[in-house]
Amino acid sequence: MDKTIGFIGGGNMASAIIGGILNSGLAAKEQIIATAKTERTLASLQERFGVSATADNNAAARQADILFLAVKPYLFGKIISEIKDSVRPETLIISIAAGQTIEKIESAFARNIRLVRAMPNTPALVGEAMSALCANQNVTENDLTDATAIFNSFGKCEIVPESMMDTVIGVSGSSPAYVYMFIEAMADAAVADGMPRAQSYKFAAQAVLGAAKMVLETGTHPGALKDNVCSPGGTTIEAVAMLERHGLRSAVIAAQRACVQKSRDIT
């Protein structure tokens, strides 16, 4: 990709994206410029990635062909007010902030912009993000190609309508927390049956990772994969029956829908 990629904000998610871009060879370190408020973060960006790092948001905005807005949502108004006159008309802006709709961001810039709204999740930090992207009417096919290439460099991504963004938060944005709870519960049970704690986390986490890969790589329905493990009169079906008795599915569905409703209320 022969473009300069800028980041307003150099926190964990921005760092994960920069790492994905560089590790995939999508762009070279000389093509990336990132900003941060503290000298410590600026030094970290330079040491970890060798990219250009500055405290000058306008410098990054002027240079970027693709500009990530990677600051906390409550800072959006201030940051956009600061940089909006420095962003070139042809620059593709990518927002990764929760709750900041396309309409809100367009209104803050107060002019036509090319904008992609994205929702990655925290597994981006280990190169396994699931990201959703939606675009405004000014974004071109080439812009979308560039955006999807970037997000696929540190995981997987899908284009969705903006109306689905709250649903995305429930099913992928917040869901790592549900999975961590499941892994912790599995590990607790193993500890109760005599397995050392560290070993129990490894067994549980690897089982979840492997099961997820089976869904993604085989394309088989999760229910069919579950059935394949459940031998007649065996141990697995006994566990599945107990999970059903205690309402695992209904608890997950209720929790996820509560998450989505909260996201809608905030937005």
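Contact here means heavy atoms within 4.5 Å. By that criterion, residues 24 or more positions apart account for 61% of the contacts in the protein with a separation of 6 or more.

**Figure 1. Overall view of the predicted model.** The structure shown is a predicted model. The protein contains 12 helices and eight strands. Taken along the principal axes, its C-alpha atoms fill a box of roughly 70 × 40 × 30 Å. The protein has 267 residues, and 40% of them count as buried.

**Figure 2. Aromatic pair of F7 and F68.** Three aromatic pairs are found in a search of the whole structure. In the pair shown, the ring centres of F7 and F68 are 4.7 Å apart and the ring planes lie at 10 degrees; planes under 30 degrees apart count as stacked, so this pair is stacked. F7 belongs to strand 1 (residues 5–8) and F68 to strand 4 (residues 66–69), so the pair links distant parts of the chain, 61 residues apart. F7 has a relative accessible area of 0% and is buried. F68 is also at 0% relative accessibility and counts as buried.

**Figure 3. Aromatic pair of F68 and F151.** The rings of F68 and F151 have their centres 6.0 Å apart. Their planes stand at 45 degrees, so the pair is tilted. F68 lies in strand 4 and F151 in helix 6 (residues 141–152), so the pair ties together parts that are 83 residues apart in sequence. Both F68 and F151 are buried. F68 and F151 belong to a cluster, linked by ring pairs, that also contains F7 and F154.

**Figure 4. Surroundings of S95.** S95 lies in strand 5, which covers residues 92–95. Its relative accessible area is 0%; buried means under 20%, so S95 is buried. Leaving aside neighbours within four places in sequence, S95 is in contact with L69, F76, I105, L115, V116, R117 and A118.

**Figure 5. Position of S107.** S107 is placed in helix 5 (residues 102–109). In sequence, S107 and L92 are 15 residues apart. In space, the C-alpha atoms of S107 and L92 are 16 Å apart.

**Figure 6. The second largest pocket.** Rolling a probe the size of a water molecule over the atoms shows where empty space is left. The second largest pocket holds about 1,000 Å³ of space. Its lining is made up of 41 residues, of which M13, A70, V71, K72 and P73 lie nearest the centre of the pocket. The elements that give two or more residues to this lining are helix 1 (12–24), helix 4 (76–83), helix 7 (165–173) and helix 12 (248–266). Helix 12 provides the largest share, four residues. By residue class, the lining of the second largest pocket divides into 20 nonpolar, 15 polar and six charged residues.

Notes. Residues numbered from 1 in each chain as written. Predicted model: local features only at pLDDT ≥ 70, side-chain atom pairs only at ≥ 80, totals over all residues. Heavy atoms only, no water. Buried < 20%, exposed > 50% of the residue type's maximum accessible area, 1.4 Å probe, protein only. 1 Å grid on protein atoms, 1.4 Å probe; cavity = no way out; pocket = protein on both sides within 12 Å on 5 of 7 lines; lining within 4 Å. Points joined across faces, edges and corners; volume = space filled by probe spheres on them. Nonpolar A, V, L, I, M, F, W, Y, C, P; charged D, E, K, R; others polar. Phe/Tyr/Trp six-rings, centres within 6.5 Å; stacked < 30°, edge-to-face > 60°.
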